[in-house]
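Visitor: I have this one open in the viewer and would like to go through it piece by piece. Could you take me through the sheet and the helices?

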Amino acid sequence: MPPHPPSGASAPRINPSVLAADFVNMQAELARIASADFVHVDVMDNHFVPNLTFGPQMVERIQATSPVPLDVHLMIDDPDRWAPGYAELGAASVTFHLEAAADPLALARRLREIGARAGVAVKPDTDVAVLFDHLHEFDQILVMTVEPGFGGQGFMPETMPKLRRLADETRRRGADVWLQVDGGIAAGTIAQAAEAGADTFVAGSAVFGADDIDAAISGLRTAAAAHRH
């Protein structure tokens, strides 16, 4: 498996989303987040979600220049076909949507075989209970705290009970799975997600929009740590 991120498995992980970065100066933007744990790369196909972002070529370039491992989030149709290719590019973590996968367990196993952490994401309205009997098949579960497809949306606190149920179940079963949140995560919302059980946090403008990015990352990590159970 890929190495653990620099902050260690027990510390909150902060994964800045390049959706909020300056695409024209991507290499410089990536250099600014060297103190983060991963870089979160949203791949959208204009089918599963109504937006279009990066494809394999851009992800490969980010992989080649990023100072931190890649956390790729696939918001695409037919991930059973396309997700393994992102793992083969060297991404440390590849997350696909439960709603889009034909055989999520087989896909997760394939991603692990290639050497990536296998992640599965759920939209705000998707029930996480369907994952409870299969927690050991995944390395990360992403609970979307906005509707997938666009950056800059407001955090949805109504997703927190679902996250809390998932966190309770992972503890009950002793599952070694990271719980990630993505959408509207900033200084004012990260505490809610940490209290509900998240340990891995995707932040976009809260990081890339800050004057001091290192301080923003450190501040988010500290705030999350203070509210984790």
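Guide: One term before we start: two strands are said to pair if DSSP finds at least two bridges between them. Please also keep in mind that this is a predicted model.

Visitor: Staying with E1, how many bridges join it to E8?

Guide: Four bridges join E1 to E8, and the two strands run parallel, with Ile 14 standing opposite Phe 201 in E8. As for the side chains of E1, Arg 13 and Asn 15 point one way while Ile 14 and Pro 16 point the other way, and all are buried.

Visitor: Now E4: how many of its residues are buried?

Guide: Five of the five residues of E4, which spans 93-97, are buried, and the strand is thus described as mostly covered. Ser 93, Thr 95 and His 97 point one way from E4, whereas Val 94 and Phe 96 point the other way. In a regular strand, side chains alternate between the two faces of the sheet.

Visitor: How does E3 pair with E4?

Guide: E3, residues 70-75, pairs with E4 in the parallel sense over four bridges, and Asp 71 stands opposite Ser 93 in E4.

Visitor: Back to E6 for a moment. Leu 142, buried or exposed?

Guide: Leu 142, which lies in E6, has a relative accessibility of 0% and therefore counts as buried, the cut-off being under 20%. Leaving aside neighbours within four places in sequence, Leu 142 is in contact with His 73, Thr 95, Val 120, Ala 121, Val 122, Gln 180, Val 181 and Asp 182. Leu 131, eleven residues away along the chain, has its C-alpha atom 12 Å from that of Leu 142.

Visitor: On to the helices. At what angle do H3 and H4 pack?

Guide: H3 (residues 79-88) and H4 (residues 104-114) pack at an angle of about 15 degrees, with their axes 9 Å apart. The two helices are therefore roughly parallel to each other, since angles under 35 degrees count as such. Their crossing is right-handed.

Visitor: Which residues meet there?

Guide: From H3 there are Pro 79, Asp 80, Ala 83, Pro 84, Ala 87 and Glu 88, and these meet Leu 107, Arg 110, Leu 111 and Ile 114 of H4. The residues of this contact divide into seven nonpolar, no polar and three charged.

Visitor: And where is Gly 115?

Guide: Gly 115 is in the loop between H4 and E5 (117-122), and it is partly exposed, with a relative accessible area of 31%. From Glu 88 it is 27 residues away in sequence and 8.1 Å away in space, C-alpha to C-alpha.

Visitor: Let me switch to H2. What is Ile 62 in contact with?

Guide: Ile 62, which lies in H2, is in contact with Met 26, Leu 30, Val 39, Val 41 and Leu 70, leaving aside neighbours within four places in sequence. Ile 62 is buried, with a relative accessible area of 1%.

Visitor: Last topic, backbone: what is phi of Asn 46, and of Asp 78?

Guide: Most residues other than glycine have a negative phi. Phi of Asn 46, however, is near 65 degrees, and phi of Asp 78 is near 55 degrees. Asn 46 lies in the loop between E2 and H2 (56-65) and counts as partly exposed at 46% relative accessibility, while Asp 78 is in the loop between E3 and H3 and counts as partly exposed at 35%.

Note on methods:
Residues are numbered from 1 along each chain as its sequence is written. This is a predicted model: local features need pLDDT of at least 70, side-chain atom pairs count only at pLDDT 80 or more; totals for chains, interfaces and linings use all residues. Side-chain values use heavy atoms; hydrogens and water are left out. Axes are lines fitted to C-alpha atoms, for helices over the stretch in contact, and angles run from 0 to 180 degrees between N-to-C directions. Angles under 35 degrees count as roughly parallel, over 145 as roughly antiparallel, 65 to 115 as roughly perpendicular and the rest as oblique. A crossing is left-handed if the near helix is turned anticlockwise from the far one by less than a right angle, and right-handed if clockwise. Contact means heavy atoms within 4.5 Å. Ala, Val, Leu, Ile, Met, Phe, Trp, Tyr, Cys and Pro count as nonpolar, Asp, Glu, Lys and Arg as charged, and the others, Gly among them, as polar. Buried means under 20% relative accessible area, exposed over 50%, partly exposed in between (1.4 Å probe, protein chains only).
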